[in-house]
Amino acid sequence: MKLSLIRRERLFASALTGPALFIVAVFAFYPILFSFYLSLHRIVLGLPSLGQPFVGFENYRELFQDRIALRSLTNTLIFVFSTISCELLFGLGIALIINRSFRARGLVRAAVLVPWAIPTVVSSQMWRFIYNDKYGLLNFLLFGAAESRYRAWLADPFFAFLGIIVADVWKASSFAALLILAGLQTIPDDLYEAARIDGASAWQQFRRITLPMVKPAILVALLFRTMDAFRVFDLVYVMTQGGPADSTNVLQFYGYKKIFAEGLMGYGSTISVLVFLITLTLAVFYIRLVGTRLFREQA
Amino acid sequence: MAIRSARPKPRRQRTAGRGVCLAITIIMVLSLTMLAGCPGKKESDVMTIRFVTWKPNQPEAWEEILRIFHEENPGIRIEREIGPHSSTAFHDLLTQKLKNRSRDVDVFFMDVIWPAEFAAAGWAMPLDDFIAAQEREKFLEGAILANTFENRLYGIPLFVDSGMLYYRKDLLKQYGFKPPVTWQEMADISGKIVIKESKKGRYIYGFSGQFKQYEGLVCGMMEYILSNNGMLVDREKGVSAVTGKPAIEAVRFVRDRIIGGAAPVGVLAYQEPESLDLFIQGKAVFHRNWPYAWQIANDPQRSTIAGNVGIAKLPHFPAGKSYAALGGWQLGISSYSEHKEAAWKFVQFLASDRIQKLLAVRSGKAPTRKALYDDPEVLKANPHFRDMKDVFLSAYPRPVTPLYPALSNILQRYFSTVISDRQSDIAGEAENASREMNKLLSMTQ
């Protein structure tokens, strides 16, 4: 039997995408569905005698009344908002600098990526030392040898939270810079040349050429960073364990504690599902935004 | 555009394909060799007891113990499975096995906060039929209490840890103070010494302890509360007691006189190592820690105060008496074990006088049998045990419930919240915590 060209092409296409789809199904869809299944049950690892009764949306109802969950959601939102705005701003700045040609540019570009290359657990540990109240670098920079004025940054609810934000911005700005740099490089030089001939100032060039042209890249960076920031975990795990006074407790860490430390599989899964739904919504929203832009440009 | 230019080039694809083929081949070859390497089960009269343990600090002592056991019990072979050193990771490994009703576990170690969980889950078997009441009385009371769940015994304590007060012998002597008996005294003495030292240009703190939001915070705060006649969970009624007056008073004392008073505010971010650092650098007059700190504080290589360290019972409030949080490790037997009698023989052997003595002498573990604290050989190897006997006798377990980890998280949050802020509403937060605790505790009834 001879297949038409189009059917052969389709078959070939599904043969190519099949393995990838299979892997996504096993490692993404299945765990998500299973988390959802778990979130509809009351499962307490320490009390097998309770069984695993189906409780419908009881866990969700409880979650919306859980003041600690609400607090950690607020913390997460503040964290996401403040880190993303700083990271995009710094990322843009760094990208603009390393997009110019100067001596040892290759070296600087590589150096900018170093924070991103360090595993978060390692950099969190490093920041923990920097913030230390007795031998931390930060205290030394601020107060020098005046040990009596040294502050315990991670012992203060406000500064501990600020501390993890700074650590995240330090690490992820270079990632944003990388994506934005890629965007900057697609801007043709003749645009700037024409602008210069027309007498546009540097600021006007930036406003009218750079910013609009680099916007899609910024949106991509925004998408990745938001989703990543929403799932912040390792910084908190290493630096503060959610304390002091629960000030650095974020959703992912709260869910982790519920499942792995407290053995509340059902309730913990509910938190995971919530985090998933939020990131999914954000992703869909951004992708539509980026997608329409790309589409418009292509047309 | 960043997205569109990401299309991979054909050549890259080919090498990637080759890489995958190679990886698959390697995996297949490896799995074949692993299958071939699996030993077949041997038929023999020797009964194998599988013992899940961690990597000991003094491996020779354990080699010796197993050698003695094998010599005396030729019919039983002990096979050790060495788990991770961290308590949490060890808990993950062990519960994974027990959840699956693994036959590979006969005897296992339990951290002091696990027996209730293991009992309720049906993983650890009750040992009451094995051990007579009068034998039980020879053990430290707190250690037995920690292994008792719903009036049955699920573990035999092998050695204990407990909170204790370390102090600078030299400083106290120099300024004419005795080790403090009450917390107020401790705060007063440390305040006076700190001022006098600062006049000489030496800036030190009065106290260092562990007040980060983590498990150790529950241990520490429990010591304050119990020593004011308070409780975390009412033992008879099984409900929260953190709203009780003694508990509130104790917490308020910590907030007002310890954090940012006797101790630097930084202790709110301290676990054991950081707080010990402060002490061994000579920067604190008093220090709360577990017994392991004794050797480090007296090691001239690591400590600037070696030889000047004293130990005492933790202070208490005027109305109460001294209490120390109990730590340590117990032996349990799996409900799924096929050789329970032989497993008990091994547990009994390990917990016996002579083996506990050997562990105390050779690896400095604090025994659970009261009599050993008067044993000359044990005291010769560990002179500080003489002073610590009282501490161990007063050691008290954390609430015994199968949902302890969840309970602990509520308590950690509560304590951390109220002691991190001078203006905190202790009574209100205690109400909140209490409500959550009771909800949790009611699940087990």
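Which side chains meet in a salt bridge at 3.2 Å, N to O? They belong to B:R80 and B:E63. Keep in mind that this is a predicted model.

**Salt bridges inside chain B**

- The B:R80–B:E63 pair links distant parts of the chain: B:R80 sits in strand β2 (residues 76–83) of chain B, B:E63 sits in helix α2 (residues 59–72) of chain B, and the two are 17 residues apart.
- For B:R354 and B:E72, the N to O distance is 2.8 Å.
- B:R354 counts as partly exposed at 43% relative accessibility, and B:E72 counts as partly exposed at 43% as well.
- B:D256 and B:R255 make another salt bridge, with their closest N and O atoms 2.9 Å apart.
- In that pair, B:D256 is partly exposed, with a relative accessible area of 31%, while B:R255 is buried at 9%.

**A salt-bridge network in chain A**

- Chain A has a network of salt bridges that links A:E87, A:D168, A:R225, A:D228 and A:R231.
- As background, side chains of opposite charge can pair when their charged atoms come close.

**Where chain B meets chain A**

- On the chain B side, 35 residues are in contact with 38 residues of chain A.
- The size of an interface is often given as the accessible area lost when the parts come together.
- Here, the area buried between chain B and chain A is about 3,000 Å², and carbon and sulfur atoms give 57% of it.
- Four salt bridges are counted between chain B and chain A.
- A:R67 forms a salt bridge with B:E436, and the closest N and O atoms of that pair are 3.1 Å apart.
- The count of residue pairs in polar contact between chain B and chain A is ten, with both residues at pLDDT 80 or more.
- On the side of chain B that touches chain A, the elements giving two or more residues are α4 (115–120), α11 (272–280), α17 (404–419) and α18 (426–443) of chain B.
- The largest share of that side comes from α17(B), with seven residues.

**B:L440, a buried leucine**

- B:L440 lies in helix α18 of chain B.
- With a relative accessible area of 10%, B:L440 is buried.
- Leaving aside residues up to four places away in sequence, B:L440 touches B:L403, B:A406, B:L407 and B:I410.
- B:L407 is 33 residues from B:L440 along the chain, yet their C-alpha atoms are separated by 7.2 Å.

**Helix α7 of chain A**

- Helix α7 (residues 157–185) of chain A has 29 residues, which should span 42 Å at 1.5 Å a residue; the end C-alpha atoms are 42 Å apart, so the two figures agree.
- There is a bend in α7(A), of about 35°, at A:A172.
- A:D156 caps the N-terminal end of α7(A), with a side-chain oxygen 2.8 Å from the backbone nitrogen of A:F158.

**A:T279, a buried threonine**

- A:T279 is part of helix α12 (residues 265–298) of chain A.
- A:T279 counts as buried because its relative accessibility is 8%.
- A polar atom of the A:T279 side chain lies 2.6 Å from the backbone oxygen of A:V275.
- Not counting residues up to four places away in sequence, A:T279 touches A:M227 and A:F230.

**Chain B overall**

- The secondary structure of chain B comes to 18 helices and 13 strands.
- Chain B has 445 residues, and buried residues make up 53% of them.
- Looking at contacts in chain B between residues at least 6 apart in sequence, 74% join residues at least 24 apart.

Definitions and conventions:
Residues are numbered from 1 along each chain as its sequence is written. Chains are lettered from A and ligands numbered from 1 in the order in which they are written. This is a predicted model: local features need pLDDT of at least 70, side-chain atom pairs count only at pLDDT 80 or more; totals for chains, interfaces and linings use all residues. Side-chain values use heavy atoms; hydrogens and water are left out. Helices (H or I, at least four residues) and strands (E, at least two) are DSSP runs, numbered from the N terminus. Buried means under 20% relative accessible area, exposed over 50%, partly exposed in between (1.4 Å probe, protein chains only). A polar contact is a pair of N or O atoms within 3.5 Å; within protein, one must be able to donate a hydrogen and the other to accept it, and residues adjacent in sequence count only if both atoms are side-chain atoms. Contact means heavy atoms within 4.5 Å. The expected span of a helix is 1.5 Å times one less than its number of residues. The bend at a residue is the angle between axes fitted to the seven residues ending there and the seven starting there. Buried area is the accessible area (1.4 Å probe) that two parts lose on being put together, summed over both.
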